[in-house]
Amino acid sequence: VQLQASGGGLVQTGGSLRLSCAASGRTFSTYAMGWFRQAPGKERDFVAGISWSGGFTYYADSVKGRFTISRDNAENTLYLQMNSLKPEDTAVYYCAAVRRSSWEVDGMDYWGKGTQVTVSS
C-alpha cells in the first residue's frame, strides 16, 4: 500500500483543515488506518485511528471532540477533519496503515509522506 497525505497548510487558532490520504492498491479496505503527528523535536504520536470497515474509531485525548477520522473505501481515501485548531496542533501529519487496529508507531505497516499543519496564535 502506498500512501500520500495532503491538505495541510497554515490556519489561525480556531480554524479548520481537512487532511486526505490517498492510497494505491486494491487492499486499502483490508487495513486499519491511522493519523499520527510529529512536532519539531518531539516523538511521533498517535492522533486518530479507524478500523478497516470504518465502524470503530479511536482518538488521542488531546484531539477528542475536535478531530474526526473517516474513510471512503470505494475511493481508497482516508480523511481527518480538524476543527477548533490550536497552536499545539502544529506538526507534520502522517497517515499510516496496519493490518490490525493497533496504534503503536513501530507497529504500523506502511507510512505516507507527511503534510505540514501550522496553527498560528
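Mentor: Let us begin with accessibility: buried means under 20% relative accessible area, exposed over 50%, and partly exposed in between (1.4 Å probe, protein chains only). Ala-22 has 41% relative accessibility and therefore counts as partly exposed. This is a predicted model, in which local features need pLDDT of at least 70, side-chain atom pairs count only at pLDDT 80 or more, and totals for chains, interfaces and linings use all residues. Residues are numbered from 1 along each chain as its sequence is written, and side-chain values use heavy atoms, with hydrogens and water left out.

Trainee: Where is the place of Ala-22?

Mentor: A strand is a DSSP run of E with at least two residues, and helices (H or I) need at least four; both are numbered from the N terminus. Ala-22 belongs to strand 3, which spans residues 17–23.

Trainee: Which residues is Ala-22 in contact with, leaving aside its neighbours within four places in sequence?

Mentor: Contact means heavy atoms within 4.5 Å. Apart from those neighbours, Ala-22 touches Gln-2, Leu-3, Gln-4 and Asn-76. As for Tyr-79, which is 57 residues away along the chain, its C-alpha atom is separated from that of Ala-22 by 8.9 Å.

Trainee: How many helices and strands are there in the chain?

Mentor: The chain holds zero helices and eleven strands.

Trainee: What percentage of the residues of the chain count as buried?

Mentor: By the cut-off already given, 41% of the 121 residues are buried. Among contacts with a separation of 6 or more, 56% involve residues 24 or more positions apart.
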